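Here is a briefing on one protein structure. Look it over first, then work through the points below.

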Amino acid sequence: QLATEMGVLRKNGINVPFLFGVGQDDKAPEDYIVGARQGGLGLPDRDYYLKTDAEMAKTRAAYEAYLAQLLTLAGEPDAAARAAPIVAFETDLAKVQWTRVDSRDSEKTYNKWQRADFAKAAPGFDWDAFLKASGIDGQQAFIVAQPSAFTGMAKVIAATPVAVLRDYMLVSTLNATAPYL
């Protein structure tokens, strides 16, 4: 059910760890293909989670307070206690994600996967349910920009308690829809 919900959220433009979109195939520009990229972070990129300087620590603390505020405004109990595990989950995602430099390398980021490759290379996540709920169930070929990140993020998701994942998806939804609430 988790993968299905993440797929629904992705389809509706909500931030989840796996980002999919349609674009031109860089090595066959006359063709369009579904591309897959790392995502799921509430802060701009992995460095915000992994750098240890005082400014980044201050930014992370402010982000955690923001998540607690979102939960509080949504009427959720124990908001402050629930925000810290969300930041820890995103930090674990950041640890397996690629740097900005590596993510801009057109050779490194061109990795053609078939649908079955997701289950083989990134086990522990229900890819069939996710792709179906995302509305891209019929696709057979994908360009995966950061394959090792997909492997690592699937492991992180599988190791994270369901309650934390639910809270993560809740704050992702609240954050995305805050301008309309």
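Trp113 stands opposite Phe142 in strand S4. This pair belongs to a predicted model. The strands involved are S3 and S4 (residues 141–144), which pair in the antiparallel sense over three bridges.

- Four strands make an open sheet in the order S1-S2-S4-S3. The pairing in this sheet is mixed.
- Which strands stand at the edges? They are S1 and S3 (112–114). Each has a single partner strand, so one side of each lacks a neighbour in the sheet.
- Neighbouring strands are turned against each other by 40 degrees on average, with direction ignored.

- Strand S1 covers residues 18–25, and strand S2 covers residues 28–38.
- The two strands pair in the antiparallel sense, over eight bridges.
- How many residues lie between S1 and S2 in the hairpin? There are two.

**Helix H1 against helix H7**

- Two packed helices are described by the angle between their axes and the distance between those axes.
- Here, H1 (residues 2–11) and H7 (residues 127–134) pack at an angle of about 30 degrees. Their axes are 7 Å apart.
- That angle makes H1 roughly parallel to H7, because angles under 35 degrees count as roughly parallel.
- The crossing of H1 and H7 is right-handed.
- On the H1 side, the contact uses Ala3, Thr4, Met6, Gly7, Val8, Arg10 and Lys11. On the H7 side, they meet Ala129, Phe130, Ala133 and Ser134.
- By class, this contact of H1 with H7 holds six nonpolar, three polar and two charged residues.

- Is H7 mostly covered or mostly uncovered? It is mostly covered, with six of its eight residues buried.
- Those buried residues are Trp127, Ala129, Phe130, Leu131, Ala133 and Ser134.
- They pack against several elements: H1, S1, helix H6 (115–121), S4 and helix H8 (147–159).
- H7 also lies across S1 and S4. It runs at about 65 degrees to S1.
- Just after H7 comes Gly135, which takes a positive phi of about 85 degrees.

- Gly39 sits in the loop between S2 and helix H2 (47–50).
- Is Gly39 buried or exposed? Gly39 counts as buried, because its relative accessibility is 10% and buried means under 20%.
- Gly39 and Phe18 are 21 residues apart along the chain. Their C-alpha atoms are separated by 5.5 Å.
- Leaving out residues up to four places away in sequence, Gly39 touches Asn15, Val16, Pro17, Leu19, Gln97 and Met153.

- Asp105 lies in the loop between helix H5 (100–103) and S3.
- Asp105 counts as partly exposed, because its relative accessibility is 28%.
- What separates the C-alpha atoms of Asp105 and Ala145? The distance is 9.3 Å, although the two residues are 40 places apart along the chain.

Conventions
Residues numbered from 1 in each chain as written. Predicted model: local features only at pLDDT ≥ 70, side-chain atom pairs only at ≥ 80, totals over all residues. Heavy atoms only, no water. Pairing = 2+ DSSP bridges. Axes fitted to C-alpha atoms, helices over the stretch in contact; angles between N-to-C directions. Parallel < 35°, antiparallel > 145°, perpendicular 65-115°, else oblique. Left-handed = near helix turned anticlockwise from the far one by under 90°. Contact = heavy atoms within 4.5 Å. Nonpolar A, V, L, I, M, F, W, Y, C, P; charged D, E, K, R; others polar. Buried < 20%, exposed > 50% of the residue type's maximum accessible area, 1.4 Å probe, protein only.
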